[in-house]
Amino acid sequence: MELALGTVQFGLAYGAVGSGRQVDPESAAAILDDAWQQGLRWLDTAAAYGDIEQRLAGLCGPHRFRIASKIRPLATAGDAGARAALMTGSVTQSLERLGDRLRVLMFHSAADLLADDGEALWAQARKLVQGRDIRLGVSCYSPIELLRLRERLDIEFAQLPANAFDQRLLQTLHDPAGRTRLDGVVIHVRSVFLQGLLLAPGRGAQRVPAAAAALQRWQARCDQADLEPTVAALGAVQPLPGVQACVVGVESLAQWQGIRQAWSHTRPLEWPDLACADPQVYDPRMWPKT
């Protein structure tokens, strides 16, 4: 497994626990330059992350990162014709903005593909990227969504949440021997820090009260193992078989360098007792609005 760098904070003020500010262009460029020098090669972005998709190639400078981007969510587009038009426009923009750095294009919302016109949207997207070195995929909130979609569509790439509390990926997509049920699908995981809750458990409990007890157990386990939360959070996803990359978001060069250093010291951790069944703990869509 390798690290990949998420860019949502470069385009939006994002994260449940953090500075609450968007990363300025100079800092973003410095982070990208250092990441390249440290061997990182994958970036994650999206058309819906503010204006970062259109600025990202410029911020990359000479560095030939491989970029995974996402088609705009289509729920607000109305009828099937409007949804198809929005999808086509989003794909065309991503191709123009990112050029040959674009290696993956995902539907940002699995619900768009699970809808009645999902197969038609997928077929149209397939035509738009035909002849290019681009994998077509989907970003999901649950592995069950991915399994349902794989039955209908030739999914090549998927992004899923995974962290110490959300262990559904291991529980659902792999058999008891650890073999994946999704042969041929490249998987990247996100939410390893759970929008910062796992890095600052005290502040996280205030922000998401439903997660308070789980965060208390998490802090106690980190203390018992004598591990910094960053190292432990990264270690919690390292045992996942069949995962190509772990996507992390950062707000500063120092934070990126700290995560990179932590990654070099991380060892796989298997803490199944920390898994949570309550989605109010691990699903940001269910958290209180700020």
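**Entry 1: H3 beside H4.** I began with two helices and found that the axes of H3 (residues 52–60) and H4 come within 8 Å and cross at roughly 15°. That makes H3 roughly parallel to H4 (angles under 35 degrees count as roughly parallel). The model is predicted: local features need pLDDT of at least 70, side-chain atom pairs count only at pLDDT 80 or more, and totals for chains, interfaces and linings use all residues. Residues are numbered from 1 along each chain as its sequence is written, and side-chain values use heavy atoms, without hydrogens and water.

**Entry 2: who touches whom.** I listed the contact (heavy atoms within 4.5 Å) between the two: H3 brings Glu53, Gln54, Leu56 and Ala57, while H4 brings Ser94, Arg97 and Leu98. By class, I noted three nonpolar, two polar and two charged residues.

Entry 3: After H3 comes Gly61, with a positive phi near 60°.

**Entry 4: on to H6.** In H6 (residues 118–128), I found Gly118, Leu121, Trp122 and Ala125 buried. Their arc around the axis is only 100°, which puts them on the same side of H6. They pack against H4 (80–98), S4 (102–107), H5 (110–114) and S5 (135–139). On the face turned away, I noted Ala120 and Lys127 as exposed (over 50% relative accessible area).

Technical notes: Buried means under 20% relative accessible area, exposed over 50%, partly exposed in between (1.4 Å probe, protein chains only). Helices (H or I, at least four residues) and strands (E, at least two) are DSSP runs, numbered from the N terminus. The arc is that of the directions from the helix axis to the C-beta atoms. Axes are lines fitted to C-alpha atoms, for helices over the stretch in contact, and angles run from 0 to 180 degrees between N-to-C directions. Angles under 35 degrees count as roughly parallel, over 145 as roughly antiparallel, 65 to 115 as roughly perpendicular and the rest as oblique. Ala, Val, Leu, Ile, Met, Phe, Trp, Tyr, Cys and Pro count as nonpolar, Asp, Glu, Lys and Arg as charged, and the others, Gly among them, as polar.
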